[in-house]
Amino acid sequence: MYTVDEAQEAENVELLTTIMGGVIDREVVRRVLRKYDGDMDKAASAIMEGERGEDVPQLWRASSQMDVTNHKQSTLPSVRTNTPVDLTADEDGDLQRAMQESMNTVQPQGPVFGPSERPSDPNWAMQESNLDANYIQNINRAIEASLEDNNINDSDALEPFPIEQQLRRDGCPVVLRPSVHTVCYAAAILQGLFYVPQVRQRMASWRPCAVPGMVEASIPTTGADYTLWALSEIFTHMDLARLCDLNVDKHLNAFNVEPWGSLVNPPGDISRKFFTKLTHTLEKAFVDQYVFNGEPAPNPRVFHFLYGNNVGENVEVLQDTSIVPIDVNPSTSDVNDLIGRLSAQLSKPHDTNQSVIIEPSEVVAFQLSRPSSSYPNNNTNKERKPFIYPRSIYLDQFLKENVEFAESRRKQQHAMYAEVQKLIVHKKSMTHFNVSASVTECCSYPTSSASKGKDTLKDLRSAIYYYENVADAKGDPERELSIKSTTEKLKSILEAIEAEIKVTDERIRTMRDEAATLLDCPELKQVRYDLRVVFIHDGLYGRKHLYSYVHDNDQWWKIADSLIEQVTEETVLNDTAGLHLGAGPYLLFYSRVMPDENECLKFLPWPREIKDDVKRCNIVFLSQLPAELVKDIPIDDSPPESEQASPRTVESSDLEGRHDRMDMS
């Protein structure tokens, strides 16, 4: 029974509304809070999963009277008839009778608090919670973090690095940090693309096309070239700058970024829109440059791959795309890994129309979406499972030229998994009541529907223990012989079942291992893609709740706003942040393996105007640091490569008085 303290409820509603970013109606928050009996943890989790608290039962209010009409009425003394009492009579018989009845009247007993005297009822026995300790702990941490953030006037304001901590050392990556938190997701995508080798190479070689009649193009200020030039400036600074955090406020104007307003719009959805628009612009610019230089368009393309339906000997082209949506943890399947989900979405074992990749691309992006129907609520036992993404993937099984071979292997795999399921059912039949007729016959046990589903092995071992240690022959030789004979029969049955279970388990393991490797063969391991960037959301709103892992120069780094730290590959592949709130990884970048990619990325041909800007910025930045910090850092004070500074050059005066970050304007 939930008693509402209206003052406390109002405070909790206000707190939950603030946690949700102020986008959830307070009445909705109140309904959800009441639905979960005032439990803040459950209410917060439910609201983030889309719960709106419909059909809330009537609650007890602290200021209201108890309604006992639905409860069993107490046995009350009979009420005497309404006989008039004459108090004026000489005899006081009526008066005495009235006083006596008044004294004997028993008032209805109010609620009594204390241990119940009602006999125990197994239907109301305490059950172990289906929420593990980690789930509760993560919920508490999430709420505490949100409360901590909301106690600050502007929790998403950009916190500047101390200038001495901005110095880039030991291969540390660069983080892009816009001042406005609503565009931090877009800055993270631009930052992530830098760590895709193919994209970095193409951007270093790209130049704006010159107007006919001009030898060299001017710096663009509008259109698609303006977007690419801004990205070139960002990438050049990320490659050559001496500081580890860069402010990109002015440059983001070239990308027309849609602001991320609240959790109502998941970061994965808005990131997909931004990435799709950006890659379309980049792809077209790369192709236009080849055409402008009189060269054939590159194949494969950088971002877009072509896919369609394989219909017999023909292929029906559907479309090209740069990002693949993947349903994470769907309710219809237990498969929750990248290749497993991709295979389930593309291949249809009982359909002749198979989806195939016709022309693969250099880069493949995956958006990991979580349908609301796949999330368990507090009324189910279904557990959230982390999504598994590997370090490397092979897309050969989805290519058009491999479709027949891969599909034959896939059908064989489905058949083996079906056989595994039969073995599992067979094993269960041996360990549960329905195959224990021989046992019940020799022991003369009566059977009933209540015994179905019981653990046969457990009961069998109990029976053996009984006949060996409890059964008493009472000096009767015939009874003693019967007990011994029954014990031997039971032991024989137990040994036979255990031997069969052992054989079945081995067959299950062998078939599972064989099925798992059917598609892991040399014929389908030619087109390899490596993981480059992982974008993760911890489930709450703001710049501090989005972060990424990037792979650079054989090292993995975690970039989370003002935090940059080196991490292990195991950390990257097993991050469960946000799992309890239906969040987690929402975007993955893979790209083809490049031979000697570290060497290829050492000296890239960035535009000389931008390199000169970076050189000047580095000189100004290093001059602001204490001498002991820069004594081992060589300073390149050679003249700029360009004879004249470009209109977008960063002058020293632009950085004077700045001690928080570099502005690349």
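The points below are grouped by topic. The model is predicted, so local features need pLDDT of at least 70 and side-chain atom pairs count only at pLDDT 80 or more, while totals for chains, interfaces and linings use all residues. Numbering runs from 1 along each chain as its sequence is written, and side-chain values use heavy atoms, with hydrogens and water left out.

**Aromatic pairs**
- The whole structure holds 13 aromatic pairs (Phe, Tyr or six-membered Trp ring centres within 6.5 Å; planes under 30 degrees apart are stacked, over 60 edge-to-face, the rest tilted).
- Y466 pairs edge-to-face with Y467, at 5.3 Å centre to centre and 80 degrees between the planes.
- Y466 is partly exposed at 39% relative accessible area, whereas Y467 is buried at 17% (buried is under 20%, exposed over 50%, partly exposed in between; 1.4 Å probe, protein chains only).
- One aromatic cluster is made up of F275, F303, F535, Y586 and F589.

**Charges over rings**
- R200 places its charged end over the ring of F194, 3.9 Å from the centre (Lys NZ or Arg CZ within 6 Å of the ring centre and within 35 degrees of the ring normal).
- K558 does likewise over the ring of Y547, at 4.4 Å from the centre.

**Helices α8 and α9**
- The axes of α8 (residues 223-240) and α9 (residues 267-292) come within 10 Å and cross at roughly 100 degrees (lines fitted to C-alpha atoms over the stretch in contact, angles from 0 to 180 degrees between N-to-C directions; helices are DSSP H or I runs of at least four residues, numbered from the N terminus).
- The two helices, α8 and α9, are therefore roughly perpendicular (65 to 115 degrees).
- A224, T227, L228 and L231 of α8 contact L278, T281, L282, A285 and F286 of α9 (heavy atoms within 4.5 Å).
- The contact of α8 with α9 has seven nonpolar, two polar and no charged residues (Ala, Val, Leu, Ile, Met, Phe, Trp, Tyr, Cys and Pro are nonpolar; Asp, Glu, Lys and Arg charged; the others, Gly among them, polar).

Terms used:
Parallel < 35°, antiparallel > 145°, perpendicular 65-115°, else oblique.
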